[in-house]
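Q: I am new to this structure and would like a close look at a single part of it, the surroundings of the ligand. Please take me through that part slowly, and then through a few residues elsewhere.

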Amino acid sequence: MTVYSRILGTGGCLPERVVTNFDLEKTLDTSNDWIVERTGIHTRRVAAEGETCCDLAEQAARRAMAAAGLGPEAIDLIVVATTTPDQIFPSTACLLQQRLGIHGCPAFDVQAVCTGFIYALTVADKFVRTGSARRALVVGADTTSRILNWEDRGTAILFGDGAGAVVIEASSDPGILSTKLHADGAYKDLLQVPGGIGNGGAGAPYMEMRGNEVFRMAVTILGRIVDEALEAASMTRADLDWLVPHQANIRIIQATARKLDLPMERVVVTVGQHGNTSAASVPLALDVAVRDGRIQRGQTLLMEAFGGGLTWGSILLRY
Ligand code: UT7
């Protein structure tokens, strides 16, 4: 019997504080009109002082477990995707495990920046399909506001904080149909935080991005990846009900939708309100569309993302 991973429940969490483009106009040489036209972003959420990645991850995880109708004792794997962990170690997954009162199961972080959730869910899917785990909690959470240079208009306008989570379970019904992961470190300089442990903590601990080059790479990569995902599951564009894309820029999302011949009504778009929430962006968008009733059981979804590394990937699934 083929074993699939099925999503049982989703959850999301956004910090309370809303930062508008008009707020950013006060401190940056930018304008609401420019930001809306070039990115589609109107607002983003920013974590309060002292509010951490794990705080957001915990709320998203609790909501996903509640939606799945499961308590902490049912979870036997925790994978957290983040680039902004609370501490260097323990991993945010271990911190989350302690908060949720879960003991003994494997818990670890995956770091693939904005592709993090796609990586984390792919890893968890492999645990489930091989029988190493039965029910996994997979979280994408980031407080990117902490690694932004708020004086850099090229990045400060784009990102927001948040967390999204899913609980998956082994099932004979599909489920996740195909997963595709990629990376190419040759493009490491396009999007990076140069500061790190290797140089004794020296170097700028803030994001640097060659936005225009990332934009062009993203459009090319995502064009390829959607065909690859469909081919892997012997499907065509016509089989797709929803695109749940990484929420980086409305123009990138529109280009991917065009490639798929999907009308924008079939694309989940949260970038206008959330900005780019990095590893949280795909699971947050999924949670929004599940909770407002757009995504229904039995429908076919394509999730995709790209980010620093460069990394990119996709997951095709029956919800
Ligand atoms: O998850 C992956 C994370 N990264 C991304 O997804 C980033 C992908 N890239 C993008 O979304 C876009 O490249 C940006 C939104 C970052 C920039 O948009 P663009 O259309 O590629 O603009 P550009 O970089 O080509 O810059 C066009 C002009 C420049 O002025 P000049 O040289 O034409 O006079 C920039 O200096 O816009 C200027 N500019 C701004 N103006 C007002 C750049 N940022 C801003 C800004 N406000 N915030």
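How do the residues of the shell around the ligand divide into nonpolar, polar and charged?

A: The residues of that shell divide into 11 nonpolar, eight polar and four charged, where Ala, Val, Leu, Ile, Met, Phe, Trp, Tyr, Cys and Pro count as nonpolar, Asp, Glu, Lys and Arg as charged, and the others, Gly among them, as polar. Before going further, please keep in mind that this is a predicted model, in which local features need pLDDT of at least 70 and side-chain atom pairs count only at pLDDT 80 or more, while totals for chains, interfaces and linings use all residues. Residues are numbered from 1 along each chain as its sequence is written, and side-chain values use heavy atoms, with hydrogens and water left out.

There are 23 residues around the ligand, and of these Thr30, Arg38, Arg153, His246 and Asn249 come nearest; a residue counts as near when one of its heavy atoms lies within 4 Å of the molecule. As for the elements they come from, α2 (32-39), α6 (153-156) and α7 (211-232) each supply at least two residues of the shell, and α7 gives the most, with four residues. Helices here are DSSP runs of H or I with at least four residues, strands are runs of E with at least two, and both are numbered from the N terminus. Domain 1 (4-171) and domain 2 (176-318) both give residues to the shell around the ligand, so the ligand lies between them; the domain bounds come from an automatic or database domain assignment.

Some of the side chains can be followed atom by atom. Arginine 153 places a polar side-chain atom 2.8 Å from an oxygen atom of the ligand, and histidine 246 likewise has a polar side-chain atom 2.8 Å from a ligand oxygen. For asparagine 276, an N or O atom in the side chain is 3.1 Å from an oxygen atom of the ligand. The ligand taken alone exposes 940 Å², of which the protein buries 72%, with accessible areas computed by the Shrake-Rupley method with a 1.4 Å probe.

Turning to residues described apart from that shell, threonine 277 sits in the loop between α9 (271-274) and α10 (281-291). At 0% relative accessibility threonine 277 is buried, a word that means under 20% relative accessible area, with exposed meaning over 50% and partly exposed in between (1.4 Å probe, protein chains only). The side chain of threonine 277 also reaches the backbone nitrogen of serine 281 at 3.0 Å.

Another threonine, threonine 311, belongs to strand β13 (residues 311-318) and is buried as well, at 8% relative accessibility. Its side chain reaches the backbone oxygen of alanine 112 at 3.0 Å and makes a polar contact with the side chain of threonine 115 at 2.7 Å. A polar contact is a pair of N or O atoms within 3.5 Å; within protein, one must be able to donate a hydrogen and the other to accept it, and residues adjacent in sequence count only if both atoms are side-chain atoms.

Histidine 42, finally, lies in the loop between α2 and β3 (43-45) and is partly exposed, with 40% relative accessibility. Between histidine 42 and asparagine 32 there are 7.6 Å in space, C-alpha to C-alpha, and the two are 10 residues apart in sequence.
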